[in-house]
Amino acid sequence: MSLDEIPTFKVIEQTGARITLQGPQDQMIYLFALEQDIIRVLVLPEGKLRFPRTWAIAPGVEDVPLDGRDRFDLEHFTTPAFVIQETPEQLQITTERVRLSIRLNGFFCCWEIKQGDQWTLAAADRATQSYNFGWWDDRVYHYLKREPDEMYFGLGERAGDTNRAGKSYRLTNLDAMGYSARSTDPLYKHIPFYLTWKRQKKIGFGLFYDTVADCTFDFGRELDNYHGHYRYFVADHGDLDYYFIAGTTLAQVVRRYTWLTGRPAFTPKWGLGYSGSTMAYTDAPNAQEQMNEFLDRCQEHDILCDSFHLSSGYTSIDGKRYVFNWDRDKFPDPAGFVRHFLEHGVRLCPNIKPCLLRDHPRFDEANSKGLFVHEPNGKAAMVQFWDDVGAYLDFTNPATVDWWKASIKDALLQYGIAATWNDNNEFEILSPTPQIHGFGRSRRAVEAKVLQTLLMIRASHEAQREFAAAKRPFLVSRSGAVGMHRYVQTWSGDNYTSWESLRYNIKMGIGLALSGVSNLGHDVGGFSGPAPNQELFLRWIQFGIFLPRFSIHSWNDDGSANEPWMYPEITPYVSDLIKLRYRLIPYLYDLLWQSHRDYAPVIRPTFLDFPDDDRCYTENDDMLLGANLLVAAVVEPGQLARAVYLPEGCGWYDFWTGDYYQGARDIVLPAPWDRPPLLAKEGCVIPLNVAEQHFARRTDQRGFCIFPQRTDGIFKYECFEDDGESEAYRQGNYFTWRLEIEASSSRVLVNINRETETGPEVAPLTLLFPRQEARPIEVVGGAVITDRDGRMNRELLVALS
């Protein structure tokens, strides 16, 4: 079709929530009114689907079938009633929240969102060739008009600023070791979802493109005078299948997108503890000795630790890595090694990779079973992988999935290992010729590389669940795609050791959280390059303790390892910071529960919770942890103070001193080496573990740090509790703390209630207040045993009724 042949579409069918349009050369377009706030557009220039199934769409559920979900399956959507109006020139679809107007000649969309009683224009396709109806090539295109006040957020972990305006990004997963967190692109993850915020109209929405193909997003970096200002999405393969998600706030859009793509995994509480890791130990000839020495040093320096990421050196043969192989020279007794760590309360998370080198002891076995991505002649397709060439396993083949699960169980889980570290799973297939099984529908491997990543981590998750059905699986994956949050915790890959990485990793984490992936972290101290100096190392720890994943990991150029005790002068600070992390685990765990139950991001930029404060949209290095803590990381050397802007709409307490500040102002906080700048929102509760913690003696005693309103006010808080690792919560075996705090000028009233009696015995409850809190404090639901001034807080011990 040439550009002077503009197709005019007509409605040929409406079946429930689906409206079908047809063009003059059998082009097909399907429109779906899925929810009051979600409308979907599926454009098929050839009249048929290239990818009939999706692995991304899982509305409100925890998984999809192994072979995907039919793209025409509308199960779990409410498919509400909507109004359709049609003229020869235009089609209009209206729900309670969204109005989509379509010019039928050429197919041009215009999106409006209802604000109060008014419809407000949110987005429009550009006026010239917004879709590719065979005009250019066989790729997938979508062009939209770009407005000067628009801001763009999301796309997962991308380098650079949080606002993507003026930039372009390539989504193809690569092993980008030593990347610049400010500028490197592409990186490890493929999440084709982004938010648009129109600052003048104060309106926002999300666009999700359901594709597993390599793709590009441009937000104004490209200019072309013939088309006006535009932004675009282009995918190398597949179909144009996108979802428009409206919301009164961007926070609502993020939750709705997360709901659309599946319920986040509720990982066990121990996954929030410190996880040791380094390449250096397992690469050493005396690997098991060095690993055991790590435990001794943790005890010596009183470093709390719950897990250790076992790097791939444990699989080596002559210096190369072979997944599912134990190097018996380094680890002569895997079962005893695992048991020794478990006896110290530390779980192992071993590295596994989806590629078998050509001399792998099991290569011929896998090849004979047809488990690899293969050439058209049936031979395994060879790729560069670490120190040699090898072949990727093909997870679109059910036989491969079964082989993978059995291998995990036999090589790892049977020894008492309870986790997997899914690594080097970017599936860097560059040649256009290799083929995949495709669940019986063979296709080129380059068309679905990230699908392999997703199915790999799904298979690992399934193996762990099958092996220990009563326990919640814990997995980590470096690479990922839409839907990864249903299975794994993740991190931002092999960052370079620098102050710049510390600063921009904050923004990368926020980008991931805005894209539905909240259970995340970074390699604290930096993975690649020089060892961090003690100031950078300490500041990185001060930030890292506030993320769901807290792991110190490294592969330093000089062969050294980033360890908590690497600088004796600051080791006491590091020990205390990790203890602060453990003190906050009840808060972090409750945030994971909120993410699982309500799709709420664990970390977020300040503008997500304060959308009416224009200052919050200015690029900054701040981060909210949940709704109640404002983390102000120190990201420059030589600083002993940190300037921070306090969002408008509430007051803020210095977490350490109890000093109070009104919002909508800039302040400067002390930033000593022994504590990170941290603020708590006025009118909040932070659950804590107030028990004294040591590596060799771990207990849990609940306390709540309460930051009441300074004047009249009332607020409520709920906190989830269970055994921390089992699936029993699904049967209701958990309990909820419920606190209601009413403040006035003359008193503070605290009402405490435990929803059920199924929880553990509770020692006297500790209530902490800012030490300046002088009002009388009354407690309903318990008797005050003591009320005293502590070192940092006013402390009440309460015997529950």
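**Helix H1**

I began with H1, and H1 is mostly covered, with nine of its twelve residues buried. A reminder to myself: this is a predicted model. The buried residues I listed for H1 are Leu250, Val253, Val254, Arg256, Tyr257, Thr258, Trp259, Leu260 and Thr261. I then checked the length of H1: from first C-alpha to last it reaches 17 Å, close to the 16 Å expected at 1.5 Å a residue. Gly262 follows H1, and I noted its positive phi, near 120°.

**Helix H11**

Next I looked up H11, which has 14 residues and reaches 19 Å between its first and last C-alpha, close to the expected 20 Å. How many of the 14 residues of H11 are buried? I found eleven, so to speak a mostly covered helix. The buried stretch includes Tyr587, Leu588, Tyr589 and Asp590, and also Trp593, Ser595 and His596. I wanted to know what these buried residues pack against, and the list is H10, S41 (622-625), S42 (629-632), S48, S49 (702-707) and S50. Just after H11 I came to Tyr599, which takes a positive phi of about 65°.

**The largest pocket**

Rolling a probe the size of a water molecule over the atoms shows where empty space is left. I went to the largest pocket and noted about 900 Å³ of space in it. Its lining has 27 residues, and the closest to the pocket centre are Leu580, Arg583, Trp656, Arg791 and Met792. Which element gives the most to this lining? I found that H10 does, with six residues. H10 (571-583), S48 (684-689), S53 (765-770) and S56 (793-800) each supply at least two lining residues. By class I have eleven nonpolar, six polar and ten charged residues in the lining of the largest pocket.

**The second largest pocket**

I put the volume of the second largest pocket down as about 470 Å³. Its lining takes in 28 residues, and Asp590, Gln594, Arg597, Tyr717 and Glu718 lie nearest its centre. The elements giving two or more residues to this lining are H1 (250-261), H11 (585-598), H12 (606-609), S48, S50 (713-721) and S51 (735-743). Asp590 was already in my notes as one of the buried residues of H11. I have 14 nonpolar, five polar and nine charged residues for the lining of the second largest pocket.

In soluble globular proteins, nonpolar side chains tend to be buried together. The largest nonpolar core I looked up has 203 residues, and those with the most contacts inside it are Trp404, Leu625, Phe704, Ile706, Val750 and Leu767. H7 (residues 449-467) gives the most to this core, with eight residues. I then picked out Leu767 and listed what it touches, leaving aside residues up to four places away in sequence. Its contacts include Phe704, Ile706 and Val750, along with Arg794 and Glu795. Last entry: there is a second, separate core of 46 residues, with Ile93, Ile113, Phe205 and Tyr242 among them.

Technical notes
Residues are numbered from 1 along each chain as its sequence is written. This is a predicted model: local features need pLDDT of at least 70, side-chain atom pairs count only at pLDDT 80 or more; totals for chains, interfaces and linings use all residues. Side-chain values use heavy atoms; hydrogens and water are left out. On a 1 Å grid over the protein atoms alone, a cavity is a set of points where a 1.4 Å probe fits but cannot get out, and a pocket is an open set with protein on both sides within 12 Å along at least five of seven lines; lining residues have an atom within 4 Å of a point. Grid points are joined across faces, edges and corners, and a volume is the space filled by probe spheres set on the points. Helices (H or I, at least four residues) and strands (E, at least two) are DSSP runs, numbered from the N terminus. Ala, Val, Leu, Ile, Met, Phe, Trp, Tyr, Cys and Pro count as nonpolar, Asp, Glu, Lys and Arg as charged, and the others, Gly among them, as polar. A nonpolar core is a set of buried Ala, Val, Leu, Ile, Met, Phe, Trp, Tyr and Cys residues joined through side-chain atoms within 4.5 Å. Buried means under 20% relative accessible area, exposed over 50%, partly exposed in between (1.4 Å probe, protein chains only). Contact means heavy atoms within 4.5 Å. The expected span of a helix is 1.5 Å times one less than its number of residues.
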